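Hello,

Here is the structure we discussed, handed over for your own work. My notes on helix packing and strand pairing follow below it.

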Amino acid sequence: MPSAPSDQRQRLATLKDELRRLSAPADPALIQMMDEGAVRCLACGHRCVVQPGRDGVCRVRFNDAGTLYVPQGYIAAVACDPIEKKPFFHVLPGADALTFGMLGCDYHCGYCQNWVSSQMLRDPAAMSAARKVTPEHIVQMALDCGAPVVASSYNEPLITSEWAVSIFRNARPRGLRCAYISNGNATADVLDFIRPWVDAYKVDLKSFDPKGYRELGGVMDHVTATIRMLKQRGFWVEIVTLLVPGFSDDPEDLKRMTDFLAEVDPLMPWHVTAFHPDYKMIQGRRSTRVEDLMRAVEIARAAGLKYIYPGNLPGAVGDWEDTRCHHCSATLIRRRGFVVRENRIGASGNCPECHTAIPGIWA
């Protein structure tokens, strides 16, 4: 039997009190002090002006008597997964990534697969717990499971950047790579803040329709600007678009999207992945079919993108899960789903056939 509304409200209030105890002052690089105790938060593209006693859009960055407090010292989820699941196809293929997440998000996507943690403070049906942990413990977890990458994901990492950086500061000296799996709703300030510590950045480019972005709680131009800023700052960047029938699969939108990506960098990997109904989109929305993915692949090829990866339907898209040299078309990495079956790219990152440098992080 579902909880009564009063029980749900009490549970949310209790969780909010707990998260306030698991908070610390924001880094000065991610705030701007304003009049009468208000603080502008620079952690995401919303750039919220947070008044005393109020929260930002994300619900987890809050103003207490003129000080902006942010999440610190806990995780809501952790797993050791293949890095291909993030998905990164040009970062240490076949390696594992120790992935952690907190609570909260600056979007409210109706198809979110991590909604139990990302929408915890918005949706009474979402239930997740905060587990106290230290940065050193998370890094040791990665070392214990042999993962050369530590990644911030599950909720939106931008809104918990101070915590991610505190972990990555411990991870880097131990020889680990660090990554963000993000919606890309960033600011120049937060990208400069994380740049010394983050190697790879995956952006969810959810649509190329501004109206669609507004439905999710975002602004499309913020994300396209983030992609440009990431490339300018030297992050390794891979893009993912979930192909949701009736939402993000319009051929004209896909043409404009892939034209944009090719203009930024035609060698930047684009993952176009299959949608399966989830969260608030369980009813009235069909799953993505192979032919939907392949139509998007052809649009991307025409735009000039060189590394196109249709995903979430392993074994159903032929050799499009593989990585081929953009110069001579030699097959370099063979995959099925998240499993690397063969990897011919050495630590140098060059094609063994024509010796062309293949973009990515290989060593």
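Is the crossing of α7 and α8 right-handed or left-handed? The crossing of these two helices is right-handed. Please keep in mind that this is a predicted model.

Helix α7 covers residues 220-232, and its axis comes within 11 Å of that of α8, at a crossing angle of roughly 20°. Because angles under 35 degrees count as roughly parallel, α7 is roughly parallel to α8. On the α7 side the contact involves T224, I227, R228 and K231, which meet F260, L261, E263 and V264 of α8. Sorted by class, this contact has four nonpolar, one polar and three charged residues.

Helix α8 (residues 251-264) also packs with helix α9 (residues 290-303): their axes come within 9 Å and cross at roughly 40°. That angle makes α8 oblique to α9. The crossing of α8 and α9 is right-handed. From α8, the residues in contact are P251, L254, K255, T258, D259 and A262, and from α9 they are A296, I299, A300 and A303. Here the classes are seven nonpolar, one polar and two charged residues.

Now the strands. An open sheet is formed by three strands in the order β2-β3-β4, with antiparallel pairing. β2 (31-33) and β4 (49-50) are the edge strands; each has a single partner strand, so one side of each lacks a neighbour in the sheet. Three bridges join β2 to β3 (residues 39-41) in the antiparallel sense. I31 has C41 in β3 as its bridge partner.

Regards

Key: Residues numbered from 1 in each chain as written. Predicted model: local features only at pLDDT ≥ 70, side-chain atom pairs only at ≥ 80, totals over all residues. Heavy atoms only, no water. Axes fitted to C-alpha atoms, helices over the stretch in contact; angles between N-to-C directions. Helix = DSSP H or I, 4+ residues; strand = E, 2+ residues; numbered from the N terminus. Parallel < 35°, antiparallel > 145°, perpendicular 65-115°, else oblique. Left-handed = near helix turned anticlockwise from the far one by under 90°. Contact = heavy atoms within 4.5 Å. Nonpolar A, V, L, I, M, F, W, Y, C, P; charged D, E, K, R; others polar. Pairing = 2+ DSSP bridges.
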